[in-house]
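Visitor: I would like to go through this structure step by step. Please show it first, and then I will ask.

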Amino acid sequence: MNRALCVCLLIACGVAGAQTLTDPTQPPPESRLLPAGEAEIVVSRGPVLQSVLIGSNGRQVAVIDGQTVRKGEKFKGATLVQVSKNQVVLQNGKNKQVLTLFPDAAKKTAH
């Protein structure tokens, strides 16, 4: 009986030890930490223009937030009123919103 108890304890210790092992394929925990002083900030910027398609037959289409919108159609209550190669214009009443492809790159070249 005493020997069986020792075997059970050794097996239990082995199982408990195996549970504390980390997955060797995962990056180390410190790689997931943000540099000191930086916090992850999520900013909602509104709709994102992802693609513009202008056909030779006059068809004008924009992909906004994954939704395909043709010129004259509505996107979240606003009408797509203008389509050019790098930007589109949405209009909701008197309010107009200009969406630009790669807006961060456009800001850098403007400065």
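Visitor: Leaving aside neighbours within four places in sequence, which residues is Val63 in contact with?
Guide: Keep in mind that this is a predicted model. Val63 sits in strand E2. Setting aside neighbours within four places in sequence, its contacts are Val48, Leu49, Gln50, Ser51 and Thr68.

Visitor: Is Val63 buried or exposed?
Guide: The cut-off for buried is under 20% relative accessible area. Val63 has 18% relative accessibility, so Val63 counts as buried.

Visitor: How far apart in space are Val63 and Val48, C-alpha to C-alpha?
Guide: Val48 is one of the contacts of Val63. In sequence, 15 residues separate the two. In space, the C-alpha to C-alpha distance between Val63 and Val48 is 8.5 Å.

Visitor: Where is Ser51 found, and what does 25% relative accessibility make of Ser51?
Guide: Ser51 belongs to strand E1, residues 49–54. Ser51 is at 25%, so the class is partly exposed.

Visitor: Which residues does Ser51 contact, leaving aside neighbours within four places in sequence?
Guide: Val63 is among them. With neighbours within four places left out, the list for Ser51 is Val61, Ala62, Val63 and Leu101.

Visitor: What class does Val52 fall in at 17% relative accessibility?
Guide: Val52 is also a residue of strand E1. The limit for buried is under 20%. At 17%, Val52 therefore counts as buried.

Visitor: Which members of the largest nonpolar core touch the most other members?
Guide: This core holds 13 residues. Those touching the most other members are Leu49, Ile64, Leu80, Val88 and Leu90.

Visitor: Which residues is Val88 in contact with, beyond its neighbours within four places in sequence?
Guide: Val88 is one of the core members that touch the most others. Leaving aside neighbours within four places, Val88 is in contact with Leu49, Val52, Ala62, Ile64, Leu80, Gln82, Val83, Gln97, Val98 and Leu99.

Visitor: Is Thr79 buried or exposed?
Guide: Thr79 lies in strand E5. Not counting residues up to four places away in sequence, Thr79 touches Gly72, Glu73, Lys74, Val89, Leu90 and Gln91. Its relative accessibility is 19%, and the cut-off is under 20%. Thr79 therefore counts as buried.

Visitor: What is the phi of Asp65, and where is its place?
Guide: Asp65 is not a glycine, yet its phi is positive, at about 50°. At 37% relative accessible area, Asp65 is partly exposed. Its place is in the loop between E2 and strand E3 (67–70).

Visitor: Is Lys76 buried or exposed?
Guide: Lys76 has a positive phi of about 50° although it is not a glycine. Lys76 is in the loop between strand E4 (74–75) and E5. With 68% relative accessible area, against a cut-off of over 50%, Lys76 is exposed.

Visitor: Which element gives the most to the lining of the largest pocket?
Guide: The largest pocket holds about 240 Å³ of space. Strand E7 (95–100) and helix H2 (103–110) each give two or more residues to its lining. The top contribution is four residues, from E7.

Visitor: How do the lining residues of the largest pocket divide into nonpolar, polar and charged?
Guide: Eleven residues line the largest pocket. Arg45, Pro47, Val48, Thr100 and Pro103 lie nearest its centre. The division is six nonpolar, three polar and two charged.

Visitor: What pattern does the chain follow along the sequence?
Guide: The chain has two helices and seven strands. Read along the sequence, the pattern is α-β-β-β-β-β-β-β-α.

Definitions and conventions
Residues are numbered from 1 along each chain as its sequence is written. This is a predicted model: local features need pLDDT of at least 70, side-chain atom pairs count only at pLDDT 80 or more; totals for chains, interfaces and linings use all residues. Side-chain values use heavy atoms; hydrogens and water are left out. On a 1 Å grid over the protein atoms alone, a cavity is a set of points where a 1.4 Å probe fits but cannot get out, and a pocket is an open set with protein on both sides within 12 Å along at least five of seven lines; lining residues have an atom within 4 Å of a point. Grid points are joined across faces, edges and corners, and a volume is the space filled by probe spheres set on the points. Ala, Val, Leu, Ile, Met, Phe, Trp, Tyr, Cys and Pro count as nonpolar, Asp, Glu, Lys and Arg as charged, and the others, Gly among them, as polar. Buried means under 20% relative accessible area, exposed over 50%, partly exposed in between (1.4 Å probe, protein chains only). Contact means heavy atoms within 4.5 Å. A nonpolar core is a set of buried Ala, Val, Leu, Ile, Met, Phe, Trp, Tyr and Cys residues joined through side-chain atoms within 4.5 Å.
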